[in-house]
Amino acid sequence: MKAEEIKKLVRRVQRHEDREAADILIRHFYREIYAFVYRQTGNEELAMDLTQEVFVKLTKSIHSYLPTASFSAFLYRIARNTVIDHLRTSKQADELPETVTAPDSLKQVEDRLDVQMLLSRLPEEQRECILLYYIQELTYREISQILGIPIPTAKSRVQRGLAACRKMMEE
């Protein structure tokens, strides 16, 4: 779906014109937001619950979205804040996420565990930028909007995080 189509749907929702526009937006972004939340939590059920919470929060706060900004950045910010709120209240911030579901081989399991371990050793700000850039495939501009940081800061966090991962792999 193109950005202009998304903005039209958002305007319809903001004007309370119809429920169908909200349903279309939710269906369009659901898998993407679920994947983001799952990667942050490592728990399927929790990710489903938090994803639902993200969309409830979206419907309550969509009136504050300004069409000059990226809608996906607005939505990811809600998702990020929802995960952070959950982790703060449940005190799970330092735990490693569970492994990803049913990979094809033992080698894939080992690779994923290695990546998770490397990422868990990075500072939160670097880990978050790497996940948004490489896993969610967002641009540096979108990352800067989601995190409320300048674009060069988003780039440097990704680069520093990758450099730290390379160094850890060499050790």
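Helices and strands are taken here as DSSP runs, with helices (H or I) of at least four residues and strands (E) of at least two, numbered from the N terminus. In the predicted model, the elements of the chain accordingly follow the order α-α-α-α-α-α-α-α from the N terminus on. The chain has 8 helices and 0 strands.

Of the 171 residues in the chain, 39% are buried. The chain exposes about 10600 Å², of which carbon and sulfur atoms supply 51%. Among contacts between residues at least 6 apart in sequence, 53% join residues at least 24 apart.

Two packed helices are described by the angle between their axes and the distance between the axes. Helix α1, residues 3-14, packs with α2 at an angle of about 135°, and the two axes are 8 Å apart. The pair α1 and α2 is therefore oblique. The crossing in which α1 passes α2 is left-handed. On the α1 side, the contact is made by Ile6, Leu9, Val10, Arg12 and Val13, and on the α2 side by Ala21, Ala22, Ile24, Leu25, His28 and Phe29. By class, the residues of this contact of α1 with α2 comprise 9 nonpolar, 1 polar and 1 charged.

Helix α2 spans residues 19-41 and helix α3 residues 44-61; their axes come within 8 Å and cross at roughly 140°. Angles over 145 degrees count as roughly antiparallel and those of 65 to 115 as roughly perpendicular, so α2 and α3 are oblique to each other. The crossing of α2 and α3 is right-handed. From α2, the residues in contact are Arg19, Ile26, Phe29, Tyr30, Ile33, Tyr34, Val37, Tyr38 and Thr41; from α3, they are Glu44, Leu46, Ala47, Met48, Leu50, Thr51, Gln52, Val54, Phe55 and Thr59. The residues of the contact of α2 with α3 divide into 13 nonpolar, 4 polar and 2 charged. Phe29 of α2 takes part both in the contact with α1 and in that with α3.

Val54 lies in helix α3 and belongs to the residues that meet α2. The relative accessible area of Val54 is 0%; buried means under 20%, so Val54 is buried. Leaving aside residues up to four places away in sequence, Val54 touches Ile33, Leu75, Ile78, Ala79 and Thr82. Of these, Ile33 is one of the α2 residues in the contact with α3. Tyr30, also in that contact, is 24 residues from Val54 in sequence, with a C-alpha to C-alpha separation of 9.6 Å in space.

Conventions:
Residues are numbered from 1 along each chain as its sequence is written. This is a predicted model: local features need pLDDT of at least 70, side-chain atom pairs count only at pLDDT 80 or more; totals for chains, interfaces and linings use all residues. Side-chain values use heavy atoms; hydrogens and water are left out. Axes are lines fitted to C-alpha atoms, for helices over the stretch in contact, and angles run from 0 to 180 degrees between N-to-C directions. Angles under 35 degrees count as roughly parallel, over 145 as roughly antiparallel, 65 to 115 as roughly perpendicular and the rest as oblique. A crossing is left-handed if the near helix is turned anticlockwise from the far one by less than a right angle, and right-handed if clockwise. Contact means heavy atoms within 4.5 Å. Ala, Val, Leu, Ile, Met, Phe, Trp, Tyr, Cys and Pro count as nonpolar, Asp, Glu, Lys and Arg as charged, and the others, Gly among them, as polar. Buried means under 20% relative accessible area, exposed over 50%, partly exposed in between (1.4 Å probe, protein chains only). Accessible areas come from the Shrake-Rupley method with a 1.4 Å probe; for residues, only the protein chains shown count as cover.
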